[in-house]
Structure formats: C-alpha cells, structure tokens
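Here are some worked exercises on a single chain. Keep the viewer open and try each task before reading its solution.

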Amino acid sequence: MVDTWSEYMQQALSLALLGPRSLNPQVGCVIVDPQGIVVGTGYHQGAGTAHAEVDALTKAGDRAQGSTAVVTLEPCRHTGRTGPCTESLIQAGVARVVFAQSDPTKIASGGAGVLREAGVEVIEGVCAKEALEINKAWTHVQRTGRPYVILKIAQTLDGRVADGSGGPTPITGREAQILTHQLRAQSDAVLIGTATAFIDNPALTVRLAPITHQPIRVVMGERELPRDLHIFNDQAPTMLVRERRPSAALALLGEAGIQQVFLEGGPTLATAFLEANMVDEVVWFLAPALFGAGPTALAVLGAPIRLDVTQIELIGNDVMVSGRIAGTSE
C-alpha cells in the first residue's frame, strides 16, 4: 500500500514545487477517491492563501467524502491567517490522510494526533526524504532558529582559489559557473566577506539562470568599502553586516527573513563559518588546473571536518563534490 501512496505523493511533491519559496513551506496535496481516482489537487500559493489541503478539498467538493488526502507536510492544527487544515479534512469527510514530513513547528505540529482522535486513519513518512529536501531551509530554521548555510568553494587541484597575484582568477568553466548561478537563485542571500568584495569586486547577481527575483547580496565584516563596487549597484538589494562572528551575522539575517544563505567566500570567511559549526552543506568544485602559488581555499582548521557525500559529478571539465556536514542531517 505504501508503494501505492508513493505514486500519489510524487504528484503532491511536484505540486509543492509550484508554490513560492518564502517564509512558509512549499506544500502540495492530492485528494484520491476510494477507486484511486484523483478528484482534487492543490498547493500553497503564499502567505494568507489557502493551504494545500484546503485548495485540493475545494476542487474535490463532495467527492472528498471517504477519500484519502495525500499531502507533503503534516496537516496543521492551528489557526493563523487561515484555519486549521485538520478541521477542514475532518469536516470534508476524509477517511485517510497520508503525509510525508512531520511538521517541525511547535504551534502547528500534532495534526496527526488530532486526525486520529477524529477517527481518520493516518499514514506517516511516505517519501519523507524527498519532502524534507524541498523544505530543507524552512525546516532547518524551525529546528535551529538560524538560516541554512551552503558553502561553495572553487579551487584548483593544488588547493588554490586564486593565482599568485591574489586577485580575481577564473577557476572553473562555464558549466560550473551556470550551476553556481542556479544555486544562487535557490537561495535567499549570497554572502561574502569585505575582502572578497574589495579584491574580486563581484556583482553576486544571478545572470546565468532563470529567476523571479534576485537574492540579497550580503557583505560581512567591518572594513569600509568604496561605493563604486559592483555590489552597490541597483541590480539587486545589498545588506552590510558589521559583524565578525558567524552566529551574530546569521542572527541578523534570520531577523531579516532569510532562510537559506549561499556562502561564496573568501577563505577567511569560509574558515570562520566552518570553525563556528555554522555550515550545513558544502558544494566544492575541483578545477583541472595547477597554479603553484596563491591563496588556499581554507585557513588551518582546529579539527577535521567530514562530509556525508550526497553527490559527485563531472560538471563540464570540473568535478563537483557536495554533501552535508557529517552529523548534521535533518
């Protein structure tokens, strides 16, 4: 039976991705009648709009009676801008609820218990890993109180991030650059240090991938910067964080509503975040080049840091290794 619900859950997960990335999770729902026919679908379209379950139930109408609701996140039990989804499901006469990810929030979790008390069958954890991946940043914020941080590094085979001049040096090829822009587009903020802003003078905008809005450019550090740098142009918003401590910087970004941070450097900032245990995921590009001199990707770490590797892939002529920091999986 789980395999059967997995098929419908895949449809619900696809629907969830249609919703906007915001301070709210992306959620999809499919209503299936007793004959296995989908009679309603829905997804959350943003703050203040109907939740995915209510959207799907509205489309299903009377056909929701005796049906199964397949939803990517545990139905909520609280009243916010909209009413509790548990109540809507019960009133619609839904016989069974199948969900993927448990709700990690204190205010909305516990929906499964409410449904069971009302006589609704509940099946949990179907395609939970896929659902968590969609909302990994949102889930991380709910559990830890700070933004999810992805560290990206591009280095040569001999560990250099620039040549002997120390200035901006192309490391990776076009394909890796495109992927970098895609990763930027998936984040709320792109973070660098003042040294990188001054030396490399990057624009930090998304130019090689489709996007609905540019992520916030964040420059961290106490150094004063010339106002003619690219980060101060009008192509994207820019936020200056006058902090040296990663925890304090992330607290400020969290207060600004930022849930996912794409950390692009440089070596000093990357080392500081790693040492502070403030990195959750790493994307590391290895370029087939040898510089022989120049700054290295990281300063000396106090202790080894290991990854649980999730992907190794040839991107053009570069190798990408990505993974979660060991011991920090959700």
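Predicted model: local features only at pLDDT ≥ 70, side-chain atom pairs only at ≥ 80, totals over all residues.

Two strands pair if DSSP finds at least two bridges between them. Helices (H or I, at least four residues) and strands (E, at least two) are DSSP runs, numbered from the N terminus.

Residues are numbered from 1 along each chain as its sequence is written, and side-chain values use heavy atoms, with hydrogens and water left out.

**Exercise 1. Get the overall picture of the chain.**

Step 1: look at the extent. The C-alpha trace spans about 70 × 35 × 35 Å along its principal axes.

Step 2: check burial (buried means under 20% relative accessible area, exposed over 50%, partly exposed in between, with a 1.4 Å probe and protein chains only). Of the 330 residues in the chain, 48% are buried.

Step 3: turn to contacts (heavy atoms within 4.5 Å). Among those between residues at least 6 apart in sequence, 70% join residues at least 24 apart.

**Exercise 2. Work out the strand order of the open sheet, and say which strands stand at its edges.**

Step 1: walk across it. Eight strands line up as S9-S8-S7-S10-S6-S11-S13-S12, with mixed pairing.

Step 2: find the ends. S9 (238-241) and S12 (307-315) each have a single partner strand, so one side of each is left without a neighbour in the sheet.

Step 3: Neighbouring strands are turned by 20° against each other on average, direction ignored. Here axes are lines fitted to C-alpha atoms, for helices over the stretch in contact, and angles run from 0 to 180 degrees between N-to-C directions.

Step 4: pick out two pairings. S11 (residues 281-287) and S13 run antiparallel and are joined by six bridges, and Val 282 has Gly 323 in S13 as its bridge partner. S7 and S8 run parallel, with five bridges between them; there, Gly 193 stands opposite Met 220 in S8.

**Exercise 3. Decide how well S7 is covered, and see what covers helix H10.**

Step 1: count along S7. Five of its five residues are buried.

Step 2: move to H10 (residues 267-275), whose buried residues are Leu 269, Ala 270, Thr 271, Phe 273 and Leu 274. Their cover includes S7 (189-193), S8 (216-220), S13 (318-325) and helix H9 (246-255).

Step 3: look just past the helix. Asn 277 follows H10 and has a positive phi, near 60°.

**Exercise 4. Trace the salt bridges around Glu 281.**

Step 1: set the rule. A salt bridge is a side-chain nitrogen of Lys or Arg within 4 Å of a carboxyl oxygen of Asp or Glu. By that rule there are 13 salt bridges.

Step 2: take the Lys 136 partner. Glu 281 and Lys 136 meet at 2.8 Å, N to O. This pair links distant parts of the chain, with Glu 281 in S11 and Lys 136 in helix H6 (residues 136-144), 145 residues apart.

Step 3: take the Arg 324 partner. Glu 281 and Arg 324 meet at 3.5 Å, N to O. Glu 281 lies in S11 and Arg 324 in S13, so the pair ties together parts that are 43 residues apart in sequence.

Step 4: check burial of the trio. Relative accessible area is 10% for Glu 281, 11% for Lys 136 and 18% for Arg 324, so Glu 281, Lys 136 and Arg 324 count as buried.

Step 5: join things up. Glu 133, Lys 136, Glu 281 and Arg 324 form a salt-bridge network.

**Exercise 5. Classify the aromatic pair.**

Step 1: recall the cut-offs. Rings of Phe, Tyr and Trp (its six-membered ring) pair if their centres lie within 6.5 Å; planes under 30 degrees apart count as stacked, over 60 as edge-to-face and the rest as tilted.

Step 2: apply them. The structure holds one aromatic pair. Trp 5 and Tyr 8 have ring centres 5.9 Å apart and planes at 45°, so the pair is tilted.

Step 3: Trp 5 and Tyr 8 sit three residues apart in helix H1 (residues 2-16), about one helical turn. Trp 5 is buried at 6% relative accessible area, and Tyr 8 is buried at 15%.
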